[in-house]
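Subject: A structure for you to look at

Hello,

Here is the structure I promised to pass on. Have a look at it first, and then read on for what turned up in it.

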Amino acid sequence: MNERRSMLTLRKKEERTAWLMLLPNTIGLFIFVFIPVIYAFYISFHSWNGLTEMKAVALKNYVKLFTDKDFIESLKITLKYALMYVPSLFVLSLTFAVLVNSLTKKLQEFVRTMIFFPYCISAVISGLLWSFLFDPLNGYFNQILKIAGFPKQMFLGDPNQALGCIAVTSIWINVGYNMVIILAAIKDIPKEYYEASSIDGANCIQQFFKITLPHLKNAASFVLVISTINSFQVFDQIKLLTSGGPNGSTTTSVLFVFQQAFEQNKIGYASSAAFVLFVILMILSLIQLKLISTDEA
């Protein structure tokens with residue numbers, strides 16, 4: 001009995017210690033995330049420029065939003081960007097993870113570090129680097145095209161190419177992070193599975209589709225959900241490289257919110273747009289998670 005009481009006491013102390021260690025982060029989330037989110041939702045029902053007194057407008061901001069051609073167009077551009085970014089990022093991350101896993105240990109560490117390195121670079125440095133690469137006059141890509149005998153491209157100055165160029169930049173930044181997640185999942189697969197399949201005569205391709213891919217379901221699910229969320233929240237690369245141009249071809253929903261809030265001082269209207277985007281993201285995430293859980297069942 002005494003031993004059981006001491007175990008319960010020890011468990012309570014451990015739980016208390018765990019809660020105390022989590023308390024600073026919990027307080028920080030409450031002050032810097034939850035309160036601002038609730039306040040922004042309150043603002044979305046008002047007309048406010050950040051300086052004058054708020055004026056309650058009920059649902060007018062939301063009604064106006066769904067008839068705003070600029071907002072609807074920004075959603076279309078965001079969806080187009082997501083369709084370019086998410087599948088490409090996943091395929092490249094998976095490919096790099098499989099290739100890196102096949103290398104020897106020392107070479108594997110070097111290549112993994114090189115691929116992951118862009119993720120550690122600040123958004124400003126990345127933007128400057130790719131602006132030089134995509135420069136329509138003397139950019140490195142155009143120099144390569146010139147040597148190969150192809151005509152120069154406008155890249156970021158072309159409405160049909162700009163969004164794709166930004167997707168390339170974002171993939172370059174994030175592919176290393178996703179690769180590390182998938183690579184960790186690959187390393188958790190027991191080697192005995194591959195040894196047994198080799199004895200049965202399975203080749204590398206068969207092993208990939210029958211062993212590797214099925215065991216990556218959880219990692220792949222995480223990568224796809226996070227990538228989708230990131231694609232709908234892209235801002236840094238667009239602001240640095242195009243600022244929404246040319247001709248609004250890269251004005252995504254988050255950039256639309258930024259422009260409404262900080263360039264046109266329509267903070268209430270921008271808050272309503274932000275919450276509509278939040279609802280869309282939540283629905284997409286739930287759909288993805290539902291599809292994943294259905295597959296697992």
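Let me begin with the inside. The lining of the largest cavity is made up of three nonpolar residues, four polar ones and one charged one. The residues in question are Ala 123, Ser 126, Gly 127, Thr 169, Ile 173, Asp 236, Gln 237 and Leu 240. Helix H5 (123-133), H7 and H11 each contribute at least two residues to that lining. The volume of the largest cavity is about 30 Å³, and a search of the whole structure turns up one cavity of 30 Å³ or more. Please keep in mind throughout that this is a predicted model.

Next come the open spaces. The largest pocket has a volume of about 570 Å³. It is lined by 18 residues, and those closest to its centre are Val 257, Ala 274, Phe 275, Leu 277 and Phe 278. Two or more lining residues come from each of H1, helix H12 (253-263) and helix H13 (267-296). H13 makes the greatest contribution to the lining of the largest pocket, with nine residues.

Helix H3 (69-101), helix H7 (162-187), helix H8 (191-199) and helix H9 (204-212) each give at least two residues to the lining of the second largest pocket, and H9 gives the most, with four. Here the classes are seven nonpolar, four polar and three charged residues.

**The salt bridge**

How many salt bridges does a search of the whole structure find? There is one. The side chains of Lys 239 and Glu 263 form a salt bridge, at 3.5 Å from N to O. Lys 239 belongs to helix H11 and Glu 263 to helix H12, so the pair links parts that lie 24 residues apart in sequence. Is Lys 239 buried, partly exposed or exposed? Lys 239 is partly exposed, because its relative accessible area is 28%, and buried would mean under 20%. Glu 263, at 46% relative accessibility, is also partly exposed, as exposed begins over 50%. If you are looking around Lys 239, you will also find Thr 250, which is 11 residues away in sequence and 9.3 Å away in space, C-alpha to C-alpha.

**The loop between H11 and H12**

Two backbone features sit in the stretch that joins these helices. Most residues other than glycine have a negative phi, and most peptide bonds are trans. Ser 243, in the loop between H11 and H12, has a phi near 55°, which is positive although the residue is not glycine. Ser 243 is partly exposed, with a relative accessible area of 41%. Pro 246 lies in the loop between helix H11 (236-241) and H12. The peptide bond from Gly 245 to Pro 246 is cis, with omega near -5°.

**Another positive phi**

Where is Phe 155 found? Phe 155 is in the loop between helix H6 (140-147) and H7. Its phi is near 55°, again a positive value in a residue other than glycine. Phe 155 counts as buried because its relative accessible area is 12%, under the 20% cut-off.

**The surface**

Last, the outside. A nonpolar patch on the surface is formed by Leu 20, Leu 23, Ile 27, Leu 29, Phe 30, Ile 31, Phe 32, Val 33, Phe 34, Ile 35, Val 37 and Ile 38. Together these residues have about 1200 Å² of accessible area. One of them, Leu 23, is found in helix H1 (residues 2-43). Leu 23 is partly exposed, with a relative accessible area of 41%, and a residue needs over 30% to be part of a patch.

I hope this helps you find your way around.

Best wishes

Technical notes: Residues numbered from 1 in each chain as written. Predicted model: local features only at pLDDT ≥ 70, side-chain atom pairs only at ≥ 80, totals over all residues. Heavy atoms only, no water. Patch = residues over 30% accessible without salt bridge, like charges linked within 9 Å, V, L, I, M, F, W, Y side chains within 5 Å. Areas by Shrake-Rupley, 256 points an atom, 1.4 Å probe, with all protein chains shown as cover. Salt bridge = Lys/Arg side-chain N within 4 Å of Asp/Glu carboxyl O. Buried < 20%, exposed > 50% of the residue type's maximum accessible area, 1.4 Å probe, protein only. 1 Å grid on protein atoms, 1.4 Å probe; cavity = no way out; pocket = protein on both sides within 12 Å on 5 of 7 lines; lining within 4 Å. Points joined across faces, edges and corners; volume = space filled by probe spheres on them. Nonpolar A, V, L, I, M, F, W, Y, C, P; charged D, E, K, R; others polar.
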